Amino acid sequence: TANGNYRSRLLQVKKSFETNIVLCCSIENLPEILKQAQQVGLLSDELNFLITSLDMHTIDLEPFQYGGTNITGFRLIPENNEVKNILEEIQHFYLKSKHAAESIPDGLKADKIRLETALTYDAGTNKIFFF
């Protein structure tokens, strides 16, 4: 929704008595939608959520871990040394650049890298440019 209030739609889902729910939304909206789902009682042990965002690993799911809901997601980011080495090089460059006073953004941390960033690197140029 435009105003960020998903409760009415989530209440419709709850009243449907469906137990398997596929949640397709932007990664930016996902934490708020899960929070509101919890508020309306949708995050219970009878329900299963499949999150379609391939960046689900980048958000904090700790607030939702005790509701009993099975929340499943997927990621395409490889967990290998090449990706970690590249990210370490980028972090080193970032800290030496004009951004040195800032902390490293989550998107440059190995466990928080988003799919778009990984695909940009994998596109064949072997370089990532910051603007």
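This briefing covers a loop phenylalanine, a loop threonine and the cysteines of the structure above. The model is predicted, so local features need pLDDT of at least 70 and side-chain atom pairs count only at pLDDT 80 or more, while totals for chains, interfaces and linings use all residues. Residues are numbered from 1 along each chain as its sequence is written, and side-chain values use heavy atoms, with hydrogens and water left out.

**Phe17**
- Phe17 lies in the loop that runs between helix 1 (7-15) and strand 1 (20-23); helices (H or I, at least four residues) and strands (E, at least two) are DSSP runs, numbered from the N terminus.
- Phe17 is not a glycine, yet its phi is positive, at about 65 degrees.
- Its relative accessible area is 72%, which makes Phe17 exposed (exposed means over 50%, buried under 20%, partly exposed in between, with a 1.4 Å probe and protein chains only).

**Thr58**
- Thr58 sits in the loop between strand 2 (48-51) and strand 3 (70-72).
- Thr58 counts as buried, with a relative accessibility of 12%.
- The backbone oxygen of Asp55 is reached by the side chain of Thr58 at 2.7 Å.
- Apart from neighbours within four places in sequence, Thr58 is in contact (heavy atoms within 4.5 Å) with Ile27, Lys112, Ile113 and Arg114.

**Cysteines**
- The whole structure has zero disulfides (pairs of cysteine sulfur atoms within 2.5 Å).
- Cys24 is exposed, at 64% relative accessibility.

Notes. A polar contact is a pair of N or O atoms within 3.5 Å; within protein, one must be able to donate a hydrogen and the other to accept it, and residues adjacent in sequence count only if both atoms are side-chain atoms.
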